[in-house]
Amino acid sequence: MRVMALTRGGLIGLVILGIAGPSAGQTDPPLRVRHLTFEGVTSIDESDLRRTLETRAWPRFFWGDKDPFDEATFQDDLVRIVQYYGERGYPEARITDADIRRLDPDRVDLTVVVDEGRPRVVESLELEGFDPLSPAELGALAEQLPLQPGAPLDAALLEASGQRALFALGDRGYAHAVLGSTNRTGATFRDRRITLVAEPGLPTLFGPIDIVGNAGLGDSLIREDLVYRPGELFRASRLLESEARLAARDLIDTATIEVLPQAGEPGDVFTRVRIEEADHRQYSLSGGYGSEGQLDLTGDLRHINFFGG
């Protein structure tokens, strides 16, 4: 039997081969996937690709809960594969074959054949508007960006590069910096010229500090571990260092420092220290906890800042 799945390149048939199904009056047992095999996947991390899919392969003697194989879900996964390739810089990728081979009444093997196509390649990556950085700092930042010229235009790496660039401005006191990007055709239509464009705004200072969640710990104890004070020049790295110092305390499970939307005097940056205190009895048995908190710089690359705007 052949069923159809929609991919970016159009429709593709799923070829179902193997033993006959149950006779009339019998109920189909739930199918399990024994193997999910990819062919033609060479340019991306196959394990990362598998994590984006809902269809899973399970060993025959796996004792945990196993989701049964579902043809509709597998068809959706074929679309996800093409979308994943597009996000990694391979917009021409397509599925050329998908095979469902039935081994026995309750097991199938799946094979997916991928034609990756040619990638969109970063011809150049320029930084504009980063005047607060010295030439040496700007050069070092360019070398540290996750996305580099010559690599496929990976959307996740482009966003991570924007976050890294924004953090560099934030660590020079420009907490209200905004970052944009341009994407232009290079020497060929597959070559892309990327520019990260910054609007630093005005330098900012640390403003008032709000502390929450510390039911058993005094504010003064929390403030001892903060490496910034109101009135000092804003530096994003001071927030991360303060989080680490707080999390190292035995009585604190996690510590997160949030940058709040602008309030009070122009140029002041309000922060909120959010504490989750450790269970003392649990702590004595486990030996401690690490911090899960970190400065959140995620957002839309086309308009991101420390405040999520």
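1. **Gly-186 and its contacts.** Leaving aside neighbours within four places in sequence, Gly-186 touches Glu-123, Asp-191, Arg-192 and Arg-193. This is a predicted model. Gly-186 sits in the loop between E7 and E8. Its relative accessibility is 15%, which is under the 20% cut-off, so Gly-186 counts as buried. Val-122 is 64 residues away along the chain, yet its C-alpha atom is separated from that of Gly-186 by 8.6 Å.

2. E6, E8 and E7 form an open sheet of three strands, in the order E6-E8-E7. The pairing is mixed. Strand E6 (121-128) and strand E7 (178-185) stand at the edges; each has a single partner strand, so one side of each lacks a neighbour in the sheet. From one strand to the next, the twist averages 20°.

3. **The E6-E8 pairing.** E6 pairs with strand E8 (residues 191-199) in the parallel sense. Seven bridges hold the pair.

4. **Helix H4.** H4 has 16 residues. From first C-alpha to last it reaches 23 Å, close to the 22 Å expected at 1.5 Å a residue. Its buried residues are Leu-158, Ser-161, Gly-162, Ala-165, Leu-166, Phe-167, Ala-168, Leu-169 and Gly-170. What do these buried residues of H4 pack against? The partners are helix H3 (135-144), strands E7 and E8, and helix H6. H4 itself covers residues 155-170.

5. **Helix H6.** H6 spans residues 236-247, twelve in number. At 1.5 Å a residue it should span 16 Å; the end C-alpha atoms are 17 Å apart, which agrees. Which residues of H6 are buried? They are Ala-236, Leu-239, Ser-242, Glu-243, Leu-246 and Ala-247. These residues cover an arc of only 130° around the axis, which puts them on the same side of H6. The general rule behind such a pattern is simple. An α-helix has 3.6 residues a turn, so residues three or four places apart point the same way.

6. E10 and E11 pair in the antiparallel sense over seven bridges. Within E11, Glu-276 stands opposite Thr-254.

7. **Pairing around E5.** E5 (residues 107-115) pairs with strand E3 (residues 32-39). Those two run parallel and are joined by seven bridges. Leu-36 stands opposite Leu-110 in E5. E5 also pairs with strand E4 (residues 94-104), here in the antiparallel sense, over nine bridges. Ala-98 has Val-112 of E5 as its bridge partner. A hairpin of two residues joins E4 to E5. In general terms, strands of a sheet pair through backbone hydrogen bonds, either parallel or antiparallel.

8. **The chain as a whole.** The protein chain has seven helices and eleven strands. Of its 309 residues, 39% count as buried. Take the contacts between residues at least 6 apart in sequence: 66% of them join residues at least 24 apart. The Gly-186 and Val-122 pair of point 1 is 64 residues apart along the chain. The chain exposes about 16300 Å². Carbon and sulfur atoms supply 50% of that area.

Conventions. Residues are numbered from 1 along each chain as its sequence is written. This is a predicted model: local features need pLDDT of at least 70, side-chain atom pairs count only at pLDDT 80 or more; totals for chains, interfaces and linings use all residues. Side-chain values use heavy atoms; hydrogens and water are left out. Helices (H or I, at least four residues) and strands (E, at least two) are DSSP runs, numbered from the N terminus. The expected span of a helix is 1.5 Å times one less than its number of residues. Buried means under 20% relative accessible area, exposed over 50%, partly exposed in between (1.4 Å probe, protein chains only). The arc is that of the directions from the helix axis to the C-beta atoms. Contact means heavy atoms within 4.5 Å. Two strands pair if DSSP finds at least two bridges between them. Axes are lines fitted to C-alpha atoms, for helices over the stretch in contact, and angles run from 0 to 180 degrees between N-to-C directions. Accessible areas come from the Shrake-Rupley method with a 1.4 Å probe; for residues, only the protein chains shown count as cover.
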